[in-house]
Structures are given as C-alpha cells and as structure tokens.
Amino acid sequence: MPQIFHRSANTIAKVSIFGTVFFLAGLGWYGATIVRSPWTTRVGHALDQPVPFSHQHHVEGLGIDCRYCHTSVEDSSFAGIPPTQTCMNCHSVMWNKAPMLEPVRESFRTEEPIQWVRVHDLPDFVYFDHSIHVAKGVACITCHGPVNEMPLTWRQNTLRMEWCLQCHKAPEKQIGPKDKVFDVHWKKPANFEETHKEVISEAKLGKITNCSICHR
Amino acid sequence: MKEEASLLAQVREKLQGLKGPQFWKSLDELADNEEFRTYLKEEYPYGAAEFDKPVDRRDFLKLMGASLLLSGLAGCKPQPLEKIVPYVKAVEDIVPGKPLFYATSYLFNGSAIGLLVESHLGRPTKVEGNPEHPESLGATNLFAQASVLSLYDPDRSKAVLNAGRVSTWSRFVTQLAEDLESQKAAQGTGVRVLSGPLTSPTLLAQAKEFLALYPKAKWVEYDPVFRDYERAGSELAFGEVVDPVYSFDKADIVVSLDADFLFSLPGSICYAKQFISRRSLPGDGMNRLYALESTPTLTGAAADHVMRSSASDVLRFAAALAGKTGVTIPSDNTPLTPKETEWLNAVAKDLNANRGKCLVVAGRDQTPAVHALAHAMNKALGNAGTTVKYISPVEERASRHIQALKELSAELASGKVELLITLDVNPVYNAPADLEFEKHYLKAPRRVHYGLFVDETALMAHWHVPGTHYLEHFSDARAFDGTASMVQPLIKPLYAGKSPHEFASALLGKKDESGEDIVINYWKKIWGESDFTTKWRRALHAGFVQGTVSAPKNVSAKSGFNPQEIAYPAAAQGLELIIRPDPSVWDGSFANNSWLQELPKFLTTLTWDNAAIISPKLAEKEGLKQDDVVELKAGAGVVEASIYVLPGQPDESVTVHLGYGRTAGGELAKDRGFNAYRLRTSKEPSFLSGLRLRKTGKTNRLASTQNHHSMENRDLIRKGTLEEYSKDPEFAVVEHHTPYKGDPSMYPQYPYEGYAWGMVINLNACIGCNACVVACQSENNVPTVGKKEVLNSREMHWIRIDRYFSGDLDNPEKDHQPVLCMHCEKAPCEPVCPVGATTHSDEGLNEMTYNRCVGTKYCSNNCPYKVRRFNFFEYADKNVETLKMQRNPDVTVRARGVMEKCTFCVQRINSARIEAKKADRRIKDGDVVTACQSACPTQAIVFGDINDPESAVAKLKKLPLNYGLLTELNTVPRVSYLAKVKNPNPELVPNTGVPSHGH
Amino acid sequence: MATKHIKKSQKETDESILGGDHTYGSVNEKISSIVLTKEFKPVWLFGFAVALTLFLVLQISVGRLFTHYIGIWGINVPVGWGFDIINFVWWIGIGHAGTLISAILLLFKQQWRTSINRFAEAMTLFAVACAALFPILHLGRPEKFYWLFPYPSTFGVWPQFRSPLEWDVFAVSTYATVSALFWYVGLVPDLAALRDRTKHQGLKVLYGVLCLGWRGSARHWFRYETAYLLLAGLGTPLVLSVHSIIGLDFATSIVPGWHATIFPPYFVAGAIFAGFAMVITLAVPLRKIYHLEDFITMKHLDNMAKVMLATGMLVGYGYAMEAFMAFYSGNNYEIAMMKNRLIGHFAPFYWALIVCNLLAPQILWSKKARGNLVILYIVAMFVNVGMWLERYIIIVTSLARDFIPSSWHDYAPTIWDWGIFLGTFGLFFTLFFLFIRFVPMISVFEMQELVHKKKHGH
Amino acid sequence: MTHDEEEKLYGLMAEFDTPEALVQAAERCRKEGYKKMDGFSPFPVHGLPEALGLPRNKVPLVTLCMAILGALGGFFLQYWVNVIDYPLNVGGRPYNSWPAFIPVTYECTILFASFGAVFGMFTMNGLPKPYHPVFNVERFALMTNDRFFICIEAGDSLFELTRTRRLLESLKPHGVYEVPS
C-alpha cells in the first residue's frame, strides 16, 4: 500500500501532541496571571478624579495628619471621605481662585457633593473595619502604600482575599507600634520583634478561620 | 459603606423632581433605561413579584460563558469603577458606618408604643423597643417592627391630587380656604371632619380649636377596631367611661372572657410581659389562666384551661361566673350544661380563693354587659385597685365610633354634609356594610382625603393630600396608661407629604405652619416658656414625657344588674359569624406591607390571604375541606371566602378576618382575599348569628407555611404540668432523649475556648406573637417571595414559629416553638458542602458565606431542622430604590442561587467584639442582643456566651427543663429550649378542660 | 475427565457466541462495511431525527434554566433535590454496565463480552455525558461550577474534601476519563482496519491520524494487551467505587431513608441492573437493524438476562434490608419514613417500583422467556423505569417527610424538569446514533481473535 | 542488486496466511540468530512474542509508579489544603479527617494509573507514527484484514539480502517483499 503520510508526519505528530499539552498548560498559567495582573486589580493605576487631589502635596508637603480628613478611621469601620467643607476650611482662603479647585467651590456653592472615584473598593459582600486594624497597630501605609508619595492616588494592593490572608496568616510581620500608625515615614527597626512583644502576641490572635468576621 | 452618604441625597433629589404618581426614576434607570423599564414591568409589584423572569444581557452572557466553560475567565475583567460621595457639609454626630438611635413612638390602634429607631446615615432601618416606655418596656409587636417598611413603600401617594390629577399643596390650601370661608357664615354646619381616634394631645387641641372656629361643625372619630363596647360597658358599670389598666403581674388567677389581652389590646406588649413574668419559670408563684373564647387566639393558646363558646354565649358564662363571685345577676332561663357548670364552678372556686389576687378581663369584641360584669366581678373579688386600676379614657372624647359614623353617613345621605374631610381614615373601605357609606359619601359636594395611600376613599375624593409616615413627622400621642409620648422624625418626608398637624392647621386657615412648631407650641402652652427647650429635649430624648401617667380614678362598679341592663341573648340559631382584625394586616391599613402579608398568621400560618375559619366538625358536617371556596351570607352582605379548617374553632361559628379584599391602596393590598367589612353591620360589628354558608364548588389554594399540624409523637415540644414538674423536675430530659452517654463520635471534640455563643428559648414564655419573625426580617434583609413561592414552600424567614396541635381535636392544646438555625457544634450541613461555603467559627457560629455558595442545596437537605433558606430566584428587590434604603448595610443582600439562614445576628456580635477589643476587654453579657431577642415582649429568647458561667444563657441552660431539639442525632445544637410547664387546675380534667358540645 | 468436561462446555459457549461461518476477513468486512458504506438506513435517519429533536428540547430547557434561574424547577425546601439528582444517579447507573462488560467480564475471561463490549462502552460514555450535566445544572449558580475543582484561586480557598459531592467531582471525572481512554484504546486497531479498508483518501487520512499509525506490530500488541488488561483491572474497582460514592452522597447524610450503610453495594448492584437493562434495550434493535445476529447471538442476550435477573435479586435484597433495618432500628424517624413508603401517600410509587424491579424480572427464570426477544425487551423497559422510580423514592420521599413535621412539603416537577429529563435522552441517542454509524460498533480485532479461537478451540 | 539499493532497504518482509505459520516463521528466524525483526498481525497472536524473543514489557511498572504517585498526590493535596494552608472547622471534624479523604485519594490513584497504562503503552510503542517503512509494501494493507507478516530489518547484523530472502522463502510464505525505507 502507498504511504498515506510523508516521513515528516511522525515528527509533526509528536510535536503537535507536546504542543497541545504545553499550550493548555500555558493557557492555565496565562489565566492565573491575568487575574492577578494590574489590569484586573487596578494596582498602581492612578484614577482620574473630579479634582486632581494630591496626597503627596497634602501629606508629604504640608504634613497634614491622615485623620484631618479621614475623621472616622479610629472609631468606625469606614475611614470617612472629607466633606467639601473640609477642603474649604483652607481653600476658602488659599488658592481660592485656582481654576483647578473650581469643582470644590462649586460643590460648596450648590451643595452638590463632589463625586470622587473610589480607589479602594471592596466587593459588597466583604465587611472590613478600619477602626480595629488601626487600633491594633496596622499602619495606614501597610495597606494603602506610600500615600505620601502619590500625586494622584492609586491602589497599592490588590485587596484580593489572598492578599488579606497572606497578612492574616502571619500578622506579626505587618504590624507596628500603635502610636506610629499614622506616621507615614515609620520604618520597622531591626529589633522590632524584641521591643514590641505584646503587640505581636496580640496580633497573632487574628482569626482567618471565622468566615463571618468579613462575610455576613 | 459605599454610596450611603450619597444615596439619600440622590433619592430625595429624585423625589423632589417628581410630579405625579408615576415611578420616580432610580440610578439603574439612568444607567440603562431600556433594561430598567422591562425590569419594572416584571419585577413590580415588589415583594410579590413574578420571579420567573429573564436575567439581563450581562448575566445572560455570563451564564452562557459558564456553560461554555469560559467562566474561568470571568475574573479576568477589571472591577467596574464606583463613585464615592461625601457630604458637602459634615452632619453633626453622624459618623459614617456607625448607626444612631432615636427615640420616637408608634401609634397602634390609637395608643403609643415607645420605640428606639436605628438610623444609618439618615435612613431609618430598624425598630427596637424603648425600655423606658411603659407600653414597650423594650419590646415591640409585629406591627411596630414592620412599620419601617411602610415608610419606604413605593406605593405611597406622592403628590396632591385633585380629581385624580396631580396638583399642588398651595392650590389645595387656597381651595380649602374658599370652601371653609363659605362655611363660616353657617358656623360650619355642613363641615364634617372624620379622623382616627384622637389620642394625640396636639391634634386634639387642633380639633378643639377647629370646632371653636366652626361651632356647628362636627369632628368624628372612627377606628374600625374600636373600643365602643368597653366604653358602654364601663358606663354601665361605673356610670362613667373609664379605661381599665391591668396589672397581670399581680394576678395569680386570670380569667379571660373572650379577651385576647396578650396580643390585641392597647398595652398588650406590656400585659404579655407582666403575664409571662408569673409563669416563665415554673414554681410556686406560677399563675393560672382560664380562657373562654369564641375563636382561637394567642391568649387561648397560652391558657391552662380553654373553654370554647359561641360569642353570644360568653355573656351567659360571664353572668353565671359573676353570680358565683358575689354579683347579683338576673336569672338565666337557658342554663349551662353540666360540663360547663363544672368548669365554671372550678373557675369560681379558684377566683374566690384568690380574692384581690385574681383578675377577670373582658374582650374588646364582647358586649357592654360582659364588660360591666367583668368590672363588677373585679370589684366583688377586691381586685379593683390591686390587679386592675381605672383611669380617665386615653381617648379623651371617648366617643362611640360606630354610633358617630352611623350618624355621619345618615347626614351624608340626607345631604346635610357639604364638606367632608377624612383625615387618615378609609371609611369607604372599612365602614360597616349596612351604612352604605360608599354610596352616601358621594353625596357630599366637597370631599377631601388625607392619607399615606391613594386608597378607596381617596379615589372617590375631590382632593387627596399625601400624608407623612410617623418616621417623617413630629407629633405626640398617649400610651395605654395615658403617658404622653413623643413622635419625632428620622428622615425628611420622602414623598413631600404633609404631617397630620400641618394638614389640620391648614383646616384652621393657618398658612404653612411647620409640624414641628405646631407640636412645640402645644407643649409650650402646657409647660410654659421657662426652660422649655430643656424639657422639650428631655422629652424627645426619652421618647415620652416623664410623669404623665394618668392617675387612677376612684370609681366603684355596681354590685348588681337588672334584666334591662343584662339581656341574655336568645339561644343562637344557625351559624355564628365572628369578625376580628387580621393577625397581620389588622384592619387593612398594613395590607401593602409585604413583610406582614407574608408573615404566617399565628395558629393558621396563612400568608397573603384571609379565610373563613371553621372547625373540623363543621367541615365534616358541611363536607368542606381546606381551600374550598364558600359563599358567606350574613347581615348586610355576601362574600366568597376560602375555607381554612382550624382545630379549636367552636363548631357552630365561622371566623373571618378584616383587612383584605382591598381595591386600592397599593399593588400588594389589591385583590387579595375577601372584604369582611361587607359582612359587618353597625348593630353587630363583632359577631352576629344567622350566617348562611354555601358551597360554590370553586377552590382557591391558600398559602399556609405549615400544613402538618401534629407532632407525630416526636418530642419536639416537651411539656408537662406543674404537678409533674414538682414530682420530677427533669421530666423533659427522660432517658430516651440521650440514649448514648459519652461522646458517640469517632473524632475528637473540637475545643471551644473563648466566647461560645448560644441561645435558650423558653417555651413557657413564648406566646407565638410573631414579633421576632418580623424583627429578624428587617434586621437581616430577609426578602419576601410572594404567594406563588410560599405555595411551593419557598418562604425565606430565618426564624419560624412552628405550632402544633395536640390532645382533643375539637379543643386541642396549641403549642408554639420558634425554630431558627441551631448552630450545631456538629452541624450536619457543613461537611456536605463541596466548596466550604458553610463552616464553623471558633466561637461556635454556624457561618454561611453567601459569596462562596454555589447552591447545591445539599446542606439544606441534610439539615434536620430545615432552617436553611434558598434563593431560588432573585428574591431581593434590587430595583425599587426606596426599598434599598430600608436595608441594613451591615448585612449582605443575598443574590439568587445561594443558601442563607440565621446568623445569630453576627453583625451585632462583630461590632460588639470590635468595641470590646478596642477597649481591651471581654464582651459583657448583654452586649450582644439578637434582633429576635430584643423584639420579644416576653423575653422568651435569651442569647449570650455559654462559656461564661455568669451569663443569663448559661444559667438557663443549667435548668432541669433545658433540652435540645433532635439531640439524638448528635448535632449538639447551641440553641436549646426550656420545656413547657402548664399549671392546670387539678380539679378539672387535665389539659384543656371539657370538650365543647357546641349549641 | 473433568478437564475434558470443561473443554466441552467451553467449546459450546464459543460456538453459541459466534454464529455463522466467519473468517478473519468476513468479520472485518461485516463490521467495517456498516461504517464505510455511503448510504444511510432510513431507520437510522428517522431515529437520528427524533434524537436531535429531543436534544433540542434539552438545549431549550437548559437555556431557560440559565436565563430564568433554578426556581423554574419544582424543587423547594425541604425537597432540595428533585429530577436533577434523580436523573444524575440514573444515568450514571446506566453507564456502569458498559464498564462492567468490558472490564470485569474481561478479567473473568468471559468471551461472550467481545461482541457487545464496544457499544456497551460507548453507552457508558454517553450515559456519563448525560449524567455529568446535572452536577452543574443543579447548582443555584451554575456559572460558578469550577469552584468545585481544586485550583489556586484569588480567594485563597479550596474545595471542601469532606463533602461527598466533592468526591463525586473526582469520581465522575475520573470515570469519564478512564472510560474514554478504555474505549479509545480498544478502538485504535479497528481504526487502522478502517484506514486500510476505505478507498476514500480523506477518510484514509482521518483514520490514519486517529489510529496513530497502528501497524499491528507484535511488540505493540504485546504492550497493548498488557495495558488493556491493566485498564480492565483498574476499571473494575473504579466502576465499583463510582456508584459506591454516589451511594455515599446519601448514606453519609442523616436524612431518614438516606442514612443507610447498605447503600453503596446496593447502589452498585442497582447500577449494573439498570445498565444491563439498557444494553438489552439497545442491543435487541441493533442486531435486527444491522443483521448482527451472528455476532450478538441469543447466547449473549441469555447471559445478559441472567445477569439482570441476578442483580435484580440483589437489588431486591437491598429493598428488603432497607425496610427491615428501618423497623429493626426502632428509630422513630426511620420507621415513619418506611411506613410512608409502604402505606403512606408515597405507596403508589413504592409498589410500582417493586413491580418493575422485583416482580417483572422474575419471569427471566424461564429459559423460554429469556429466549423471547419481546418479553426480554419489555422486562428491560420495566427495569429502566423501575430504576428511575427507585431514585425518585429514595430522594423525594425521604426529603419530603423528614424530622420536623412543620416543614414537611411535597414535590411536584415542572415542565422544565421534564424538559431536561427528556432532553438528556436526546443527547444520549444523538451521540449513540452517530456512534453506530461512524465507528465500528463491534470490536473487529477481538472478533477476529474469537474466530481464531473458534477455529482452534482453545 | 547494487550496493546502494541495499542501503535504501528497510528490510525483507514475508506474508503468511495463518498466525501459526507466522509463529513458526518467527521461531525459525530467531533460531537463525536474527534479532531485529518484527511480526505483524490483525490481532494479538499468542506465542508470537515468545517466538520473537521479546523481553518482558515495562507497562505494569509504569502503571504502578503512576498509581503510587496518584495516591500520594491525592492525599497530600487534601492534607495540605485542610491542615496546612487553610484549616477550617467543618462541622466540628478534625482538620485531618483522613477517613473522609480516602475516596478522592482512591480516585486519583486510579486516574493516574490509567494514564500511566495508556500513555506509557503508546510512548513505549513509539506511537503515533503515521509514517513507517512497512507501509511501503503494497500487500501490507491486508494486514489488518486477515494477513500475517514478518519483517527482518536490514539493520540486523546477520542481514544479507539473498540469504535472508532464501531463509524466508524456505518458510513457504504467501510471498516475500523488499521493504524500501
């Protein structure tokens, strides 16, 4: 019988088999990376805001404390977004002609709130509480990143559950002294573990096995 | 927290923008107009939606994607951006993410229930009782709990209507001014105002002012659930009208003459608490209740001895009893049967043995004579002043509603009335049929209607003015004991309504006086200017005015009656019709509240319908069964009703409930059940004989949530008598309940250190009043599903009240058992979940993680208590914006296809834990109160840390009465029950006394 | 003497399982021609059309399910599982006969398996395909079905391996994969045969690719046979485990009527029972239509009938034990459940089941009956229905009346339940018709082996 | 016959009518000392492997290894998930509730073993191999129908065209063919 296939068919056959295997594997890997890529998580994307507010300028430059604007961070689950009023406290006198700030003044005039774009947006079925984290010595920058270096605010971490877990599985690595929570410049000293035993032991109590802490 | 700050602002802005009674738009609509419109069509009416509807394009693609195995990539798209909207100016003492509580009062049946209302960023979301308030004592009833939903009811009237056309308040005011002006000359001869009971001091003052301006005008009060008979009765007994105020906590023996004092009297919340306080834990001090009833009620269910009787015969019993307790009564020529006499003698003996420590209560629906006899008996037994005191009527004018309404419709008929103003009443729907009010109403040349809904009356009025919900306005009212209570708004009127006071002041020709000022001015008159503000603030803060309890009046009842005063009814012929307010929609004013519509009415567990309730005997006799449609012909009218067969119903009577058969007043209210007012006559409004019942051959399926009434000899509810209890306190934990000593598991026990949350439900205390069910619903965003779904047993309540009948089928014992998730330590539901969506916290909570659930329903199948609920459709209404505002932001709104169930109000536990942690302390006993627990009038539910030996719950769990449900399955439930102990009279046939023979 | 006797009986069976006077070539001819012929039998076309229509019904029903959500079914609380799981268990059960015939009978050196194993295996594959739909369809959120597989998710959570449903995921997918492999491996030499037989160049290439260039080398056959035997050895415990695990779905729960230790074996027996019924249902018409009487002889049908009778008795024993244990346990709930089935308002279903699964097969004691195609076919049909009823009884009646009377509620399927149920027949037969037309439905090389053995009587 | 033609030769092939003939032929050739040869038949012919002197095949070994791999992998996955990575209290069961992990372990074992058997077999057989010199022989197409072939490869040390042909013809084959490579 005449050959149906050319010699090369053998190689092609083997190659194509391995090809498929690797292709599928690659597809899986690709999916896994896409899901975690900044494109889906928005990590590092500075979002356009009605007013190009710069944390860098206000925090690093002017040294304003986080709590001046995010008032409820210590006693509520919600850190709080400053009302227009807060902006106007200063900007009624400083830069009160700056066109950049017109939306702020307009909002104040018309009593129409400024609609900011949410940078740190958890899914609706997740209940996160700022106050307890702050109270237990988790600094703002631990999750929000070097806000004092952000001309426009971006998301520093994925806010994915796996991200929450990697901290809660070893909390002691992430916490600092309670009085340094709002200090954007605080760097963990080498001997921190020795000096702050109680903080650490406390942090170790954090539970990841109680789903209803975050999901209810 | 998302959008919250903004939501209110946005919604209100939309509402303001709106003209006319059409739907105001929602954010979704702005987002996608087309989709939204189709949604509106399919989704509406909310709560009873036809859920069987397509998903929108996006979901569809997503699902198809899933079916094409592509869904793995679903996670590969960026999260949609969301807006976050702060205030423009910070609002005083609002901390975003933290709820605030305000004291206010809720008017039910003319009497004020003090409340604390939870508010999230200006949205009232949940109602709690006000511990300081005499009528609440920290608890609530189901109507108060559900009232918060009515606030957000999208069917509420949204604009002033003139002959059905949208108009404005100012136009109305000018028009009204003209009409009144023309009446001035005649001193208002032709003016009639029809309102509910005037228990609000301010409104009463305004009424008086109005009558002063128009001396010949009349201000008529009408409440379809009126207290005329009580008043006539007390007049008969005392020669003047007084309101009795009972102290059940002081009574060892209580006799109810067809009185449902545990649920349907003003003050019932307080009464229930008092009554139960004497039997919640069995012992020497335990009280005893004899109930004589013409239709099964909660009070009867709680009684130690029940005697069924036709309503008309109650008088006979009352008289006979009175005769035996030292009241002289005219002789009765139709004597009681021996068995009845035996029962009566026992009761009389008990009463006489406990002079000054007993109480006889007559039911609202009983004739004046019965009330008079009750008063006389209490005097003869020396209870006056001890277990009952008398105060001047809370409804100051103490008018006879039926009589007044009768006169009014007569005047209407004769054309005397030129201007009729109906203030928050709906006579066209709820006037007794024989008055033909509907017909005469049209004879008034000018008809003005004020109310929350465009109801039957509004549709026939020239003008309709939208009213405000009690959470939207300032007002005041008086509690059952006279305490002046404050009503303050938690939110600006959603639909530009006017408060009753603002409306009334318009009647007085005052231009745009704010409701707040009106109330303030009234109290200024009372208190004077001196440090008024502090008094006012104190009153608002407390929710009521300290020391305004009415002083007891020194009155003395007659000690005898003559035949004119007490005329015995002729022996009843034919069937008797009993007319009662509905257990969940009451007189019909709650008919558009989906929570109440879907609330299983106690004893029948009916939802979304009313029915003609008959006894098994009668059903047998007439060849009727559940769901058969019969024609009821009585007094003035005819209706078609579906049959519900209820054991315990007297054999010769048919009970119907008011509040259904509405033709207007909201999408949910309309076209459900039948209108029992059509059978009501002004002469015999509560019961009448000569009912004719005809089979139609039609059937209409009634949606009851429990179709099986017997416990099947399973010891789910364990009960005994005080005797048995004193012999063997552990009768509830007999050997076979725990066949295997020690741990039957091959696995080691999971250690629970730290907090261990648990609950005890005291079956002695539970009266089955349903308050917990509605409380849970509003706290946990539990959706309603509509009749069609309930028929397929898909209701969503996280806590349900099982009720079982036992003993004699004709006059059975009726037992309630609240069942919620038992949070089993060895929960059968958990190991069967393939994705670990339901797990156990180390504090012993059985957790349900909705967003992980894929909906296998295996957990529900494997739950022996069947407390898990499944979202077969997208039950939660995601389209009606106001309903979103009602939701509790601390609880996830569940999506379609996921399982849900009781969480022990974990959101409350978590906030308590966080506060405790911040303060570096443990959670104290009482820091966490579950919604069901706080609503319960009788404190039947106790929750706390069972690892803390000092906690209330731990102590109760140590009692010998404590037992677990189905513990033989080794589920180790964290919820346990205290067995029921009744205190029957040893001299009577144990349990429920003699079986009735009927007449 | 004894050996002689054995040889004799052996001979008999050989003859009776291969009729006619066949050579290697004629066997190949006969079987391949069915595939290689150009023309389509009208019967086939008609059947295929019907099957496609039913398949369409499935697509519509599933579409409806995905757009209108699972509430369109009749399920409720307490009856959280209805037709979905009934069908799942039923189809999976049917699959088992295929694996049994090809694997277990191979191990037992039952030569009569040869002519039926190929399409029995195909039946397995398609039945599993139908069954595998339901674990996905029955989810409240079918789009999330992949959460049941262990993969590194961004939530950092995993499936819950204590759940029998999770066991199902592994059991069913393993079963599907292994059956497919088994089937394909068996097919390779036959594809080669088709390659060499067909004149059509395109088909030559196609079969050439599919048979992986099989050239019947002795070395290949050597390893091939070992592998095939090993697969059979693995398939046997697999098939037993799969339905045992399905049984555990119920046995591990606490629902009265489910919580029974006898379930795993009794489910396996039931599966084989149902499977053989289905094989007969398919074989009887097949041999008629394609004139395969020589290959699928009365002996085959007789043997299958015997297996059916035997497993039927096993299942009957299962029912008896279930009832006995219920009463013997003295357990209130179990007794109530049993009473419900025997005399309660589920009695009609229960007794119908007894008639179908227990009484009907008894007729197979008679050789005559086993030899009568009509009777055989009817009995098989009874069993098909009966086994479906059995799952209905187990699932619905147990859930509808469990521990707390207050939550008792009955179950009524909706049109969509039926739609999906009938639809799966569409899927099954569509695949099956394609199979008998485009794939040799009898293993050619094994038949040739049989011819060889027949020739030399060893 | 020239030298380079011999170079292009894959081997010599003889065709037989019955499996028995094939087996005898194989035995004979082996006795002659030929190593590189193979038999071809529509179905497995018993005795042929022995006749050709084939070594024990490794399929069972591979299968066993895969089975062990599957078992360990299956159990470890569950152990790691439930005990190490994310221990959760599920119905009060211990983290390592090994009895509940058996079914999945079991299924994994069988799955891997089957993969081992099938893919092991194909790999060792060097399949897929769509092109093979034997196909060059016209009559080889009948192999799958009812013909039996033996092929002695040119690569064999003893291979010498004429002598080998003579040997094969002495076996009374249906025919002897050269197999061009």
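This is a predicted model: local features need pLDDT of at least 70, side-chain atom pairs count only at pLDDT 80 or more; totals for chains, interfaces and linings use all residues.
In chain A, the domain assignment gives domain 1, covering 8-36, and domain 2, made up of 71-80 + 119-214.

**Domains of chain A**
- Between domain 1 of chain A and domain 2 of chain A, the C-alpha centres lie 41 Å apart.

**Interface between chain D and chain B**
- On the chain D side, eleven residues are in contact with 13 residues of chain B.
- The size of an interface is often given as the accessible area lost when the parts come together.
- For chain D and chain B, the area buried between them is about 990 Å², with 62% of it on carbon and sulfur atoms.
- The side of chain D that touches chain B is made up of six nonpolar residues, four polar residues and one charged residue.
- Four residue pairs are in polar contact between chain D and chain B, counting pairs with both residues at pLDDT 80 or more, while the count of salt bridges between these two chains is zero.

**Helix H24 of chain B**
- Helix H24 of chain B spans residues 771-779, and because nine of its nine residues are buried, the helix is largely enclosed by the rest of the structure.
- The buried residues of H24(B) include Ala771(B), Cys772(B), Val773(B), Val774(B), Ala775(B) and Cys776(B), and also Gln777(B), Ser778(B) and Glu779(B).
- Just after H24(B), the backbone at Asn781(B) takes a positive phi of about 50 degrees.

Terms used: Residues are numbered from 1 along each chain as its sequence is written. Chains are lettered from A and ligands numbered from 1 in the order in which they are written. Side-chain values use heavy atoms; hydrogens and water are left out. Buried means under 20% relative accessible area, exposed over 50%, partly exposed in between (1.4 Å probe, protein chains only). Helices (H or I, at least four residues) and strands (E, at least two) are DSSP runs, numbered from the N terminus. Contact means heavy atoms within 4.5 Å. Buried area is the accessible area (1.4 Å probe) that two parts lose on being put together, summed over both. A salt bridge is a side-chain nitrogen of Lys or Arg within 4 Å of a carboxyl oxygen of Asp or Glu. A polar contact is a pair of N or O atoms within 3.5 Å; within protein, one must be able to donate a hydrogen and the other to accept it, and residues adjacent in sequence count only if both atoms are side-chain atoms. Ala, Val, Leu, Ile, Met, Phe, Trp, Tyr, Cys and Pro count as nonpolar, Asp, Glu, Lys and Arg as charged, and the others, Gly among them, as polar. Domain bounds come from an automatic or database domain assignment.
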